[in-house]
Amino acid sequence: MFWTTFKYLDNPVGNVHAGTFPWTARSGNARVNLSTGAMALRVDQLVINGTIFSGTPGPVTGIIGTLVGNAGDPTETVFDTPEVPLSSDGDAHFSGHLGGVPTVCTNPLFLIRISTPAGAHGLWIATGTRARTSNLGN
């Protein structure tokens with residue numbers, strides 16, 4: 001999965017609202033096994049574009065990986081990783097499990113969301129551009 005990051009004034013993914021600045025990432029990927037909940041996340045050089053923070057993650061020091069199933073449906077489900085530290089270079093890595101993930105997750109999406117600072121907690125700043133459901137289920 002490759003990351004694309006951008007921000008419009010209000011660009012929600014299902015019930016998850018977008019972040020406050022435009023962002024880009026050099027590279028990254030996320031894999032989620034829907035049968036076991038095992039997942040891995042890696043993002044490199046996730047940084048803000050423009051403003052005084054350009055080229056850095058600015059005040060964002062922690063992120064959350066979020067699997068969204070059935071985005072926008074009444075049955076939408078959201079599964080979060082614990083907070084993952086975001087380095088001053090915009091790098092983050094996580095490997096672990098998401099609890100309670102259903103084996104059937106229509107149109108799964110993966111988001112990177114802000115965890116810290118608290119004032120921006122939960123806003124998404126990155127999403128995959130190429131989901132491969134065959135890889136998500138294995």
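Thr81 counts as buried, at 5% relative accessibility. Buried here means under 20% relative accessible area, exposed over 50%, and partly exposed in between, with a 1.4 Å probe and protein chains only. Thr81 sits in the loop between strand S7 (77–80) and strand S8 (84–85). Leaving aside residues up to four places away in sequence, Thr81 touches Met39, Ile64, Gly65, Phe94 and Leu98. Contact means heavy atoms within 4.5 Å.

This is a predicted model, in which local features need pLDDT of at least 70 and side-chain atom pairs count only at pLDDT 80 or more, while totals for chains, interfaces and linings use all residues. Residues are numbered from 1 along each chain as its sequence is written, and side-chain values use heavy atoms, with hydrogens and water left out.

Strands (E, at least two residues) and helices (H or I, at least four) are DSSP runs, numbered from the N terminus. Two strands pair if DSSP finds at least two bridges between them. Strand S4 (residues 38–44) runs antiparallel to S9, joined by 6 bridges. Within this pairing, Met39 has Gly96 as its bridge partner, and Ala40 has Ser95. Strand S3 (residues 27–32) is also joined to S4 by 6 bridges, again antiparallel. Here Val32 is partnered by Met39. S3 and S4 form a hairpin with 5 residues between them. Gly37, in the turn, has a positive phi of about 85°.

In a regular strand the side chains alternate between the two faces of the sheet. Strand S9 (residues 92–97) has a covered face of Ala92, Phe94 and Gly96. His93, Ser95 and His97 form its uncovered face.

Next, the aromatic rings. The whole structure holds 1 aromatic pair. The ring centres of Phe21 and Phe53 lie 5.9 Å apart and their planes meet at 65°, so the pair is edge-to-face. Rings of Phe, Tyr and Trp (its six-membered ring) pair if their centres lie within 6.5 Å; planes under 30 degrees apart are stacked, over 60 edge-to-face, and the rest tilted. The pair links distant parts of the chain, 32 residues apart. Phe21 is in the loop between strand S1 (3–4) and strand S2 (23–24), and Phe53 in the loop between strand S5 (47–48) and strand S6 (62–69). Phe21 is partly exposed at 25%, and Phe53 is partly exposed at 25%.

Finally, confidence. pLDDT is the predictor's confidence in each residue, from 0 to 100. The chain has a mean pLDDT of 83, and 85% of its residues reach 70 or more. Confidence is highest in S8, at 98, and lowest in helix H1 (residues 133–136), at a mean of 47.
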